[in-house]
Amino acid sequence: MLVKIKCPECETEGSFSLADPVYEGPYRCWKCRALFSIKLEDNKLEFIESISEEEFNRQMEIQALRSRFKK
Ligand SMILES: [Zn+2]
């Protein structure tokens, strides 16, 4: 499933591929490289906020851990 996410910084639309209809975690704009924390529900963007690189890296680690536990 591909979800379109509009970057609040530069208004560029990026697509985000999802395995589940619900996602909570990091997102990086492919154009301006801005970092965000996003929340998706039923393939729709529910929440987006900009975060620091530190926070982004932390969330990436959490995502990696989660996908490891799924297997
Ligand atoms: Zn952007």
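Modeller: Start with the helix. Arg 58 and Glu 55 both sit in helix α1, three residues apart, about one turn of the helix. Helices (H or I, at least four residues) and strands (E, at least two) are DSSP runs, numbered from the N terminus.

Colleague: What kind of contact does Arg 58 form with Glu 55?
Modeller: A salt bridge, with the closest N and O atoms 2.9 Å apart. The term means a side-chain nitrogen of Lys or Arg within 4 Å of a carboxyl oxygen of Asp or Glu.

Colleague: Before we go on, what am I looking at?
Modeller: This is a predicted model: local features need pLDDT of at least 70, side-chain atom pairs count only at pLDDT 80 or more, and totals for chains, interfaces and linings use all residues. Residues are numbered from 1 along each chain as its sequence is written, and side-chain values use heavy atoms, with hydrogens and water left out.

Colleague: How many salt bridges does the structure hold?
Modeller: Two. Lys 39 forms one with Glu 41, and the closest N and O atoms there are 3.5 Å apart.

Colleague: Where do those side chains stand on accessibility?
Modeller: Lys 39 is partly exposed at 28% relative accessible area. Glu 41 is partly exposed too, at 32%. Buried means under 20% relative accessible area, exposed over 50%, and partly exposed in between (1.4 Å probe, protein chains only).

Colleague: Switching to the metal. Which residues are the protein donors of the zinc ion?
Modeller: Cys 7, Cys 10, Cys 29 and Cys 32, each through SG, lying 2.3 Å from the zinc ion. Donors are N, O and S atoms within 2.8 Å of the metal (3.2 Å for Na, K and Ca); water is not among the atoms, so sites may look incomplete. Along the chain, the donors follow the spacing C-x2-C-x18-C-x2-C.

Colleague: Why is the arrangement called tetrahedral?
Modeller: Because the four donor atoms subtend angles of 108 to 111°. Four donors count as tetrahedral if all angles lie between 85 and 135 degrees. The ideal angle for four tetrahedral donors is 109.5 degrees.

Colleague: Is Cys 7 buried or exposed?
Modeller: Buried, at 1% relative accessibility. Cys 10 is partly exposed, at 30%.

Colleague: Now pockets. How much space lies in the largest pocket?
Modeller: About 220 Å³. On a 1 Å grid over the protein atoms alone, a pocket is an open set of points where a 1.4 Å probe fits, with protein on both sides within 12 Å along at least five of seven lines; lining residues have an atom within 4 Å of a point. Points are joined across faces, edges and corners, and the volume is the space filled by probe spheres set on them.

Colleague: Which element gives the most to the lining of the largest pocket?
Modeller: α1, with four residues. β2 (13-17), β3 (23-28) and α1 (53-70) each supply at least two. The lining includes Phe 16, Tyr 23 and Arg 66.

Technical notes:
Four donors count as tetrahedral if all angles lie between 85 and 135 degrees; four count as square planar and six as octahedral if opposite donors are over 155 degrees apart and all others between 65 and 115; anything else is irregular.
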